[in-house]
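User: Hi! Could you walk me through this model with a few questions and answers?

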Amino acid sequence: MSNANVKKIKSSEIDFKDRLVSIQRVTKVTKGGRTFSFSAIVVVGNENGVVGYGLGKAKEVTAAIAKGIDDAKKHLVKVPVLKGTLPHEQLGKYSGAKVYIQPATPGTGVIAGGAMRAVLESVGVKDVLAKSKGSSNPHSVVKATIDALSKMRDPYTVAQARGVDLDTVFNG
């Protein structure tokens, strides 16, 4: 994710809504018996173009979720959201998970599966078509979706870089 338009954001300035993507009970077998712990994947976002994900592990569910939220606030990316949808289609990849996201007309809604839906709703996208291919592992799908979103290019900066007006970028 070392992309030019990935902007790091200070988490203290924004108020976030968090979504729990998945929670797993993990068992460690020792000579004294089984030890249970929990791992939680959490997505946070301000529903206005800022999103992040985190992983928390603890002996209790609530502690794991709290750690996940803290971790997510440390890994935030800025995404250009345009009139409730995305500026262009994009592929994202992480490990075995591949995702494809594309803009949709107003009124379409968020057409996306479980882990992707949480990320896209947290970023504030209202209309989007998305497809998850390959691995359905929630960890990988969340990271692939964030990879795709971080590759998104803002139409205003594209227009500025090309030295043309905004209408040419969309119609050209």
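User: Among contacts between residues at least 6 apart in sequence, what share joins residues at least 24 apart?

Analyst: Happy to start there, keeping in mind that this is a predicted model. Take the contacts in the chain between residues at least 6 apart in sequence; the share that joins residues at least 24 apart is 58%.

User: Thanks! In what pattern do the helices and strands follow along the sequence?

Analyst: There are five helices and eight strands in the chain. Reading along the sequence, their pattern is β-β-β-α-β-β-β-β-α-β-α-α-α.

User: Is serine 140 buried or exposed?

Analyst: Serine 140 lies in helix H3, which covers residues 138-150. Leaving aside residues up to four places away in sequence, serine 140 touches Tyr94, Ser95, Ala97 and Ser135. Its relative accessible area is 7%, and buried means under 20%, so serine 140 is buried.

User: Last one: how far apart are the mean positions of the positive and negative charges?

Analyst: The chain carries 26 positive and 14 negative charges. Taking the mean position of each set, the distance between them is 11 Å.

Notes
Residues numbered from 1 in each chain as written. Predicted model: local features only at pLDDT ≥ 70, side-chain atom pairs only at ≥ 80, totals over all residues. Heavy atoms only, no water. Helix = DSSP H or I, 4+ residues; strand = E, 2+ residues; numbered from the N terminus. Buried < 20%, exposed > 50% of the residue type's maximum accessible area, 1.4 Å probe, protein only. Contact = heavy atoms within 4.5 Å. Lys, Arg positive; Asp, Glu negative; His and termini not counted. Charge placed at Lys NZ, Arg CZ, Asp CG, Glu CD.
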